[in-house]
Amino acid sequence: MQPFTQLTGIAAPLPVANVDTDKIIPARFLKTLTRTGLGKSLFDGLRYDADGKERPDFVLNQEPYRKAEILIALDNFGCGSSREHAPWALGDFGIRCVIAPSFADIFYNNCFKNGLLPVALPREVCEQLMEETKLGSNARVTVDLERQVVVRANGEEIAFDVDAGRRHALLNGLDEIAETLTHDAGISTFETNRAKAEPWRTAVSL
Amino acid sequence: MTSEKTTGAPRTLYEKIWDAHMVEPLASGAALLYIDRHLVHEVTSPQAFDGLRVNGRKVRRPDATLAVPDHNVPTANRDQEIVDPESRLQVATLVENVAAFGVPFIPLNDVRQGIVHVIGPEQGASLPGMTIVCGDSHTATHGALGALAFGIGTSEVEHVLATQTLVQAPSKTMRVTVNGELGLGVSAKDLALYIIGQIGAGGGTAHVIEYAGEAVTSLSMAGRMTLCNMAIESGARAGLVAPDDTTFDYIKGRPMAPKGEDFDAAVAYWRTLPTEAGAVFDKEVVLDAADIAPMITWGTSPDAVIPVTGLVPDPSDLTDDAIRANHQRMLDYMALSPGALIGTPVDVVFVGSCTNSRIEDIRDVALIAKGRKVADGVRAMVVPGSGLVKLQAEAEGLDKVLLEAGFEWRDPGCSMCLGMNEDKLKPGQRCVSTSNRNFEGRQGPGGRTHLASPAMAAAAAVTGRIVDCREFA
Ligand code: SF4
């Protein structure tokens, strides 16, 4: 996994609450067999009209936000499906960090598995940050995971919380499966004890 | 957090399942949680199997894993090749992957095929006290059996395939108690929608919800599955109902359930699972079943819901700018104005999805369809949740009732719940749907979805309008 340490980039405002996973990447794009290539379909319904032409009023179709690496939105971002295609599409477009007052659990979790950092900040702060993004290409926001701060265009720092384990994994781009496999003996012991204590447990059989 | 509870303190159902599956606490404060069942489908698994391949890893416990194609499959002409090349390839890829990794698999042409959350309980693969995961958010459905069941992303699918565990932090707990009895014509779906309306689409975030109270315990297993299925629509990680005799009766004799003495031993264990008196939840919500009418959503978030006899709220009554703007956006997308929703004409009726595609749901629809006709210009489709549900319905003659009334009677799959196959709304079409999500474009780009119960869907089909199903009671 690509590590996330510090990022300075253009932030795009999306002042919408409950941005669901069907908005982020509609189901018809889930037929892919790979993790890449979904960036062009990110926010498909909002970004393109029925003929596939760009809607000029959508933020990611405007300069400088076409190159946004940070997205700022409102409450309950990523609600809905467990599809990891949502963070894949964001990442493939070039977005590495989403800032919102709150996130849906599965989406939040999926971000960390894909080198994307979700940052939860109070709603007033998100609204303030969105206001500042109007500065266009001057609206560079820095997100520093090492120091756990978001740095506004004026240099002011806003601290954010992140789980220590997830932070460590993201900073170092760790392979979680490899980590877990170091507990292999523990897993085997658990399985053996379980089989003894609950012999009625059934296997999947067809 | 569970681990901080003093020994001997009364525990909730969730905490008992958590404790029983904790392999090892991790330095980060999370834990390695053992997974008993892993359900796999074609859409969220290809990249996971690919990851195993790239890293030279195996599936640790094929005997705890069950795969089935459902999201992307056609619901008609099953004897022919899948027409859409991408769907065909995705289903073929699942077939290849399960063969290569030795994973038990129910193929498309098997009578047991169906929506993953319908077939898990139906086959007895989902049992009380288990941890159950699937790369699909509606895995919460299996919580109806008293299992801790939740949706995961593809990276976690790969993690479970390789290690049979997940790295998890304990969730907060919430209990939603619904006292009293549901009225005539009011179903588990209405209960589910009502609860979401009360606590909000993000109200359950970071929590596992246990549903309790008379209105919940008196539900059939199908009703409990409908209720837990929609836990995720309130943002909850999972939904649970304590296992009881209704649960054990349902499980007994299912193909993969324990048999004979094993079954008795299992029941003895399952009886120890329910939340103990005095156990503390992080949040408690108490509701009264008498307040619940048949519900229907008017917006593009499942909490934008009203009783069918109620009014679509007026955005100008809202003081918060952002909320008002969202509200207006939903009205615009749905082509609705504030005021009564009843009487609004509909184009399509969809009965199906892991929320409402079980035999009980189809019986509800047939009851209203019997002797009536689908209104002119309305397309009404019924998509059973599994091949076995379909067979059962046909044995009861429900297919004939539905076909005579002018409903389509299709093969099992996710179908118009998410519009991945050819069952899609056309832009601007208005649909009363028994599924679980009314997001913009969920049932097809530009489609307008109203979530409701099977009875409400049937009533809309035969009148061509949004109506109160109690008129048909
Ligand atoms: S029926 Fe709908 S909600 Fe259920 S698993 Fe299929 S797509 Fe998901």
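Me: How many residues does helix 8 of chain A have, and how far does it reach from its first C-alpha to its last?
Reply: Helix 8 of chain A covers residues 184–197, which is 14 residues, and reaches 20 Å, close to the 20 Å expected at 1.5 Å a residue. The expected span is 1.5 Å times one less than the number of residues. Helices here are DSSP runs of H or I with at least four residues, strands are runs of E with at least two, and both are numbered from the N terminus.

Me: Before we go on, what sort of model is it, and how are things numbered?
Reply: It is a predicted model, in which local features need pLDDT of at least 70 and side-chain atom pairs count only at pLDDT 80 or more, while totals for chains, interfaces and linings use all residues. Residues are numbered from 1 along each chain as its sequence is written, chains are lettered from A and ligands numbered from 1 in the order in which they are written, and side-chain values use heavy atoms, with hydrogens and water left out.

Me: What are the scores?
Reply: The model has ipTM 0.92 and pTM 0.95. For chain B the mean pLDDT (the predictor's confidence in each residue, from 0 to 100) is 96, and 99% of its residues reach 70 or more.

Me: Back to helix 8 of chain A, then. Which of its residues are buried?
Reply: They are A:Gly186, A:Ile187, A:Phe190, A:Glu191 and A:Arg194. Buried means under 20% relative accessible area, exposed means over 50%, and partly exposed is in between, with a 1.4 Å probe and protein chains only.

Me: Where do those buried residues fall, seen down the helix axis?
Reply: They fall within an arc of 140 degrees, so they line one face of helix 8 of chain A. The arc is taken from the directions from the helix axis to the C-beta atoms. As background, an α-helix has 3.6 residues a turn, so residues three or four places apart point the same way.

Me: And which residues are exposed on the other side?
Reply: A:Ala185, A:Ala195 and A:Lys196 are exposed there.

Me: What covers the buried residues of that helix?
Reply: The cover includes helix 7 (176–181) of chain A. From chain B it includes helix 1 (13–21), strand 1 (22–25), strand 2 (31–34), helix 5 (154–163) and strand 7 (165–168).

Me: How many residues does each chain put into the contact?
Reply: Chain B gives 80 residues and chain A gives 58, with contact meaning heavy atoms within 4.5 Å. The area buried between the two chains is about 5,600 Å², and carbon and sulfur atoms give 55% of that. Buried area is the accessible area (1.4 Å probe) that two parts lose on being put together, summed over both.

Me: Which three residues of chain B supply more of its buried area than any other three?
Reply: B:Gln47, B:Arg60 and B:Met256, which supply 11% of the area that chain B buries against chain A.

Me: Which residue does A:Lys31 pair with?
Reply: A:Lys31 meets B:Asp84 in a salt bridge, at 3.2 Å from N to O. A:Lys31 is in the loop between helix 1 (21–24) and helix 2 of chain A, and B:Asp84 in the loop between strand 4 (65–67) and helix 3 (85–101) of chain B, so the pair joins two chains. A:Lys31 is buried at 8% relative accessibility, whereas B:Asp84 is partly exposed at 24%.

Me: What about A:Glu198 and A:Arg194, buried or exposed?
Reply: Both are buried, and their side chains form a salt bridge at 3.3 Å, N to O. There is also a network, in which salt bridges that share partners join A:Asp184, A:Glu191, B:Arg60, B:Arg61 and B:Asp63. One bridge, between B:Arg60 and A:Glu191, is 2.9 Å from N to O.

Me: New topic: where is the cis peptide bond in chain A?
Reply: A cis peptide bond joins A:Glu63 and A:Pro64, with omega about 0 degrees. A:Pro64 is in the loop between helix 2 (44–47) and strand 2 (70–73) of chain A.

Me: And what is the phi of B:Gln164?
Reply: B:Gln164 has a positive phi of about 60 degrees although it is not a glycine. B:Gln164 sits in the loop between helix 5 and strand 7 of chain B, and is buried at 0% relative accessibility.

Technical notes: A salt bridge is a side-chain nitrogen of Lys or Arg within 4 Å of a carboxyl oxygen of Asp or Glu.
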